[in-house]
Amino acid sequence: MYRVEQLIGGVWGAGGEGGEFVVADPADGTPVSTVPVATEAEVAKAVGAARGAAAGWAATAPADRAAALHRAADAVAAVAEDLALATTAEMGKPLPDARGGVAAGVGSLRQYAELAPVRGGRTLHGGRDAVDFMAPEPRGVVAVLTPWNDPVAVACGLLGAALVTGNVVVFKPSERTPATGWLLAKALDSALPAGVLSLLTGGAAVGAALAGQEVDVVAHVGSTATGRAIAAACARTGAKALLENGGSDPLIVDADVDPTWAAGQAAMGAFANAGQICVAVERIYVHRAVAGEMVAALVDLAGAMRVGPGQDPETELGPLVDRRHRDHVHGQVTAAVAAGARLRAGGILPDGSGAFYPPTVVTDCTDEMPLVREETFGPVAPVLVVDSFDEALTRAACSPYGLAATVLTGSMSHAQRAWRELPVGTVKVNAVFGGAPGGAAQPRRGSGQGFGYGPELLDEFTTTKVVHLAAPGGGHW
Ligand code: NAD
């Protein structure tokens, strides 16, 4: 059992007067972590203490900050297996996926450690006697609020980029993966000056209290509803809001593709991490010419998946994060069926303990169903048949979200139209996942704002000062 502690003002074990809660293993309901809850006063204290540490860290040479982040990455790598085990115990994903998430997190820390010191400002061309330039500076105190679905990878990106650019950070990991956040913070803190990183634990109320503080940036990866609440809080305090939120990503299957291959892509996109990925496939627009074969192959794939605990090496699909989330997923499926959709695979709550949900395929869906329009975040593949590529593009574009989209097509002109016309941050052609290192998108609409990844994240955490140095008294230096 993990006994999570907070880190406030450089002191581990501080606070927790707001009570305690227990996180249960979603595979079998056994207790995994006990977690303190921060009070509002503790949140304010953490932010005040962080503010006190900000000037010293901001004044540290960029190369020294980068060296500290490299040491922090070493410390995280040294506890990689512990982090993966904690991730699987708290949120259920198969252990190899959890290991991949930790490795990705370590990679992000190292990338930011390499990139940050070589960034610079710009020199400007003013009069000969003056010197004009633009210099990047840290923003100050950054609140980092992260989700549970890939807890190490997501947190490392935000924490690494914020810290290496000279900001101090108050980190509040998800209440569903607090021990994972605690282990990560312990490793990072071991390589950083005291007070540069703080850790608060608790649920939405603690997150809201932190977002309402006089911080300089609130960086949030999580649901759209939370992102909206954070944007409102930032409007009141003047903090910058950096939001990477939910999506309802479409997959378009064109008339000319191999339906069996398309089914494999759809299954990977909809069922990986039990569908709990921000860029999971959430709705499938398939051309009538290949719909029958593709759906049949998708149903076969769904039926063949091995569902089980994340610790079992045979498992392909772990449980959902908890039963509350399973109720949300199942509620969307049953509402769709009640409105005329057809269940072709899964969709039935299993007996037994844990929060398992079967890979589910639903056909005869409509765009208005919450299963299609909203984010489901579960292993569900809703299928909508279309009569043309035009129709697919139009319907895929009509969404409150704008995170990512995938198009499977053999037509270069359809591929070109897709990336130009879809109003999303990321377009993938002929692969549901993948991309080049450093790729970073700006989400649109309800999916958020600002770069949450890539080299551009370093810019998000810095502000720019423009400087004009003139000679004294109008003369020469
Ligand atoms: P969430 O927004 O509920 O929680 C994320 C964090 O915000 C947690 O620490 C939580 O305690 C905190 N929080 C909750 N309410 C708050 C409030 N009112 N004010 C301030 N903080 C608050 O999200 P989640 O359920 O943990 O994560 C799942 C969501 O994350 C999905 O919607 C998924 O699409 C999204 N996500 C997006 C990306 C991306 O890059 N766009 C990546 C991963 C996950």
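With which residue does Glu-175 form a salt bridge? Select Glu-175 and then Lys-172: the two form the salt bridge, and their closest N and O atoms are 3.2 Å apart. The term denotes a side-chain nitrogen of Lys or Arg within 4 Å of a carboxyl oxygen of Asp or Glu. Glu-175 is partly exposed, with a relative accessible area of 28%, whereas Lys-172 is buried at 4%. Buried means under 20% relative accessible area, exposed over 50%, and partly exposed in between (1.4 Å probe, protein chains only).

The model is predicted: local features need pLDDT of at least 70, side-chain atom pairs count only at pLDDT 80 or more, and totals for chains, interfaces and linings use all residues. Residues are numbered from 1 along each chain as its sequence is written, and side-chain values use heavy atoms, leaving out hydrogens and water.

The whole structure holds 16 salt bridges. Next, select Glu-20 and Arg-3, whose closest N and O atoms are 3.9 Å apart in a salt bridge. Glu-20 lies in strand S4 (residues 20–24) and Arg-3 in strand S1 (residues 2–3), so this pair ties together parts that are 17 residues apart in sequence. Strands (E, at least two residues) and helices (H or I, at least four) are DSSP runs, numbered from the N terminus. Glu-20 is exposed at 55% relative accessible area, and Arg-3 is exposed at 53%.

Move on to helix H14 (residues 412–421), where Glu-421 and Arg-417 lie 4 residues apart, about one turn of the helix. Their side chains meet in a salt bridge of 2.9 Å, N to O. Glu-421 is partly exposed at 41% relative accessibility, as is Arg-417 at 29%.
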